[in-house]
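Welcome! Here is a short tour for anyone meeting this structure for the first time. Take a look at the sequence and the model, then read on.

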Amino acid sequence: MAHQPVIQQATVKIRTMPLFCLIPIVIRTLASAALMLALMTGPANAQPPEQHAAIRLVAHPTVATSWLNRDTTRAIFAMRQRTWPDGEAVQVFVLPNRDPVHARFAKERLAVYPHQLQLAWDRMVFSGMGQAPNRVSNQLEMREKVANTPGALGYLEREYLDESVHVISME
């Protein structure tokens with residue numbers, strides 16, 4: 001048996017292994033397959049690309065930043081990053097947690113679930129390390145607040161966009 005190729009040795013060992021020893025191997029294999037499937041069909045990839053563009057990041061017209069990557073955007077909306085890349089203070093505006101646009105924005109653009117954002121905000125507030133974002137009741141109020149608050153950042157569906165806000169692309 002010492003001169004047999006490695007594959008044949010492994011096959012012999014598996015054939016002589018008791019069935020209960022194979023169960024963990026099968027479970028790990030199935031779990032790996034399930035994880036790969038979940039990653040391929042998770043919330044960040046659930047919508048076609050044109051749906052991703054339906055909700056846009058918007059900022060106060062004087063904000064100099066024209067694009068943000070997903071990690072920076074997520075850090076700003078999680079209230080971990082409090083400034084724009086140029087150092088200006090960010091004022092974050094969000095819709096209520098139960099608003100479908102907020103849920104879509106969190107899942108599609110930030111790749112997090114709304115309850116994960118809420119947990120991050122609660123931790124910041126209760127630990128005394130920060131504050132929660134400013135809440136607005138609807139997209140019209142979001143546009144108004146972002147347009148009139150220096151350093152503001154929010155999100156709107158395309159039909160709510162106008163020249164009063166600066167659209168920021170997200171990569």
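## Aromatic pairs

There are 3 aromatic pairs in this structure, which is a predicted model. One of them joins F77 and Y155: the ring centres are 5.9 Å apart and the planes meet at 55°, so this pair counts as tilted. F77 belongs to helix α4 and Y155 to strand β5 (residues 152-157), so the pair ties together parts that are 78 residues apart in sequence.

Are these two residues buried or exposed? F77 has a relative accessibility of 0% and counts as buried. Y155 is buried as well, with a relative accessible area of 0%. Together with F105, the residues F77 and Y155 make up one aromatic cluster.

## Salt bridges

Side chains of opposite charge can pair when their charged atoms come close. The count here comes to 4 salt bridges. One of them links the side chains of D71 and R74, with 3.3 Å from N to O. These two residues sit 3 apart in helix α4, so about one helical turn separates them. D71 is exposed, at 53% relative accessible area, while R74 is partly exposed, at 22%.

Another set of bridges forms a network of R104, E108 and E157. E108 and R104 share helix α5, where they are 4 residues apart, about one turn of the helix, and their salt bridge spans 3.7 Å from N to O. E157 also forms a salt bridge with R104, and there the closest N and O atoms are 2.9 Å apart. E157 lies in strand β5 and R104 in helix α5, so this pair ties together parts that are 53 residues apart in sequence.

## Positive phi angles

Most residues other than glycine have a negative phi. Which way does M79 go? Its phi is positive, near 70°. M79 is placed in the loop between α4 (70-77) and β3 (91-94), and it counts as buried at 10% relative accessibility.

A111 also has a positive phi, near 60°. This residue is in the loop between α5 (100-110) and α6 (114-127), and it is partly exposed, with 28% relative accessibility.

## Confidence

The protein has a mean pLDDT of 83, and 69% of its residues reach 70 or more. Over residues 44-53 the pLDDT is below 50, and this stretch has 13 contacts in the model beyond near neighbours in sequence.

Definitions and conventions
Residues numbered from 1 in each chain as written. Predicted model: local features only at pLDDT ≥ 70, side-chain atom pairs only at ≥ 80, totals over all residues. Heavy atoms only, no water. Buried < 20%, exposed > 50% of the residue type's maximum accessible area, 1.4 Å probe, protein only. Phe/Tyr/Trp six-rings, centres within 6.5 Å; stacked < 30°, edge-to-face > 60°. pLDDT = per-residue confidence, 0-100. Contact = heavy atoms within 4.5 Å.
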